[in-house]
Amino acid sequence: MTTSNVEALSCPTATLAFDGPPGAGKTSLLAALVPALGDRCVFFSEPNIKLANGPQAPIHPGTAAHTLWYLRSERLRMAVLPSCAAAYNAELVLLDRNHLGVLAYCFATRHPDAIPYSKALGYYSQHIAPALPDDMRTVILQIEVEDSLRRRGRHPTHPRWQQWYDPDLLERMSVFYREHAPELCPRPPLIIDTGPLDRDAVMTIVATELAAAGITLPAHVATADPQPPIDGAFAIPYNATGGAAVLGNPVTSAFPYRDGQVQMFQLGSLYRVGDRTHPWNPLKTTLFTEAAS
């Protein structure tokens with residue numbers, strides 16, 4: 001990210017984060033918005049510890065170490081978010097989850113090795129909250145547990161996702177998003193109960209929120225195909241990265257993005273320029289290294 005890139009930003013940016021329990025529709029919203037906006041936006045897929053490597057990877061295995069990785073990832077991402085937006089000369093920064101996701105997990109889990117919610121909240125208060133952009137807008141998508149399970153077919157497609165189908169965990173996450181999450185946002189969030197709404201209705205509400213921030217969507221934002229195929233150009237990198245066990249299933253077809261092509265998946269995105277393909281990460285590796293403190 002060069003000084004010239006930062007100076008090139010000629011329009012104010014808005015930051016919009018989507019969060020909520022599994023199945024509420026946040027990834028589907030992002031999958032519709034990013035292809036429609038193209039280079040007007042820079043986007044972050046859901047943080048994925050399986051894509052971390054080198055100094056960014058957790059040193060120790062276990063739930064607590066992994067949770068700490070997600071907390072630190074949010075700290076680092078929030079710290080560089082304004083300069084990242086400027087470097088890409090983007091009108092809009094879109095995030096699939098922010099700090100609420102890891103806090104919701106700490107609140108809801110009963111895993112014996114988990115970081116207690118009180119400690120995670122303390123980390124948030126000390127390290128993440130001070131770095132949150134004052135103008136960050138948050139959309140919390142709510143959904144009833146039964147609707148969440150029904151939308152996702154009731155059973156995970158991979159054993160790794162089993163805990164996200166636990167009705168008790170989902171109920172506690174719903175309590176977190178309903179009773180605690182709003183006070184952990186830099187400004188009052190937009191809360192949408194997506195259960196009784198179709199995707200077009202949810203998109204209309206989101207478009208109104210963006211309009212309030214000065215961002216106008218195209219006249220028609222196509223609803224993402226719920227089961228797009230893996231594009232041939234991304235099939236080998238997808239499998240080499242770990243396939244569905246790491247990236248989940250596709251949520252978009254391949255589309256042009258920032259001098260290359262992107263295909264978005266449930267838990268990450270692949271970016272291809274020329275003959276090189278790698279996971280999309282707007283934060284360059286040198287920016288995604290925590291300074292000693």
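Biologist: Let's start with α8: which strands does it lie across, and at about what angle does it run to β5?

Modeller: Keep in mind that this is a predicted model. Helix α8 covers residues 199-212, and the strands it lies across are β1, β3, β4 and β5. Its direction relative to β5 comes out at about 175°.

Biologist: What is the order of the strands in the open sheet of five?

Modeller: The pairing in this sheet is parallel. β2 (41-44) and β5 (190-193) stand at the edges with a single partner strand each, so one side of each has no neighbour in the sheet. On average, neighbouring strands are turned by 20° against each other, direction ignored. Reading across, the order is β2-β3-β1-β4-β5.

Biologist: Zooming in on β1 and β4, which residue in β4 is the bridge partner of L16?

Modeller: These two strands pair in the parallel sense, over four bridges. In β4, the partner facing L16 is R137.

Biologist: Are α2 and α8 roughly parallel or roughly perpendicular to each other?

Modeller: The axes of α2 (residues 26-37) and α8 come within 11 Å and cross at roughly 70°. The crossing is right-handed, with S28, L29, A32 and L33 of α2 making the contact with R199, V202, M203 and V206 of α8. Angles of 65 to 115 degrees count as roughly perpendicular. The two helices are therefore roughly perpendicular.

Biologist: And where does α2 sit on the sheet: which strands does it lie across, and at about what angle to β3?

Modeller: α2 lies across β1, β2, β3 (92-96) and β4. As for its direction against β3, that's about 150°.

Biologist: How many residues of α4 are buried?

Modeller: α4 takes in residues 99-108, and its cover includes β1, α3 (63-87), α5 (117-128), β4 and α7 (167-179). At the start of the helix, a side-chain oxygen of N98 reaches to within 3.0 Å of the backbone nitrogen of L100. Among the buried residues are H99, Y105 and F107.

Biologist: Is E74 buried or exposed?

Modeller: E74 is found in helix α3. Beyond its neighbours within four places in sequence, E74 touches P47, N98, H99 and I128. Buried means under 20% relative accessible area. With a value of 2%, E74 is buried.

Biologist: Which side chain joins that of E74 in a polar contact of 2.6 Å?

Modeller: Look within α3's own stretch, residues 63-87. The polar contact of 2.6 Å links the side chain of E74 to that of R77.

Biologist: Last one: in β9, which residue is the bridge partner of R272?

Modeller: β8 and β9 (residues 276-279) run antiparallel, joined by four bridges. They form a hairpin with two residues between them, and G274 in the turn has a positive phi of about 60°. The bridge partner of R272 is T277.

Methods
Residues numbered from 1 in each chain as written. Predicted model: local features only at pLDDT ≥ 70, side-chain atom pairs only at ≥ 80, totals over all residues. Heavy atoms only, no water. Buried < 20%, exposed > 50% of the residue type's maximum accessible area, 1.4 Å probe, protein only. Contact = heavy atoms within 4.5 Å. Polar contact = N/O pair within 3.5 Å; in protein donor to acceptor, adjacent residues only side chain to side chain. Axes fitted to C-alpha atoms, helices over the stretch in contact; angles between N-to-C directions. Parallel < 35°, antiparallel > 145°, perpendicular 65-115°, else oblique. Left-handed = near helix turned anticlockwise from the far one by under 90°. Pairing = 2+ DSSP bridges.
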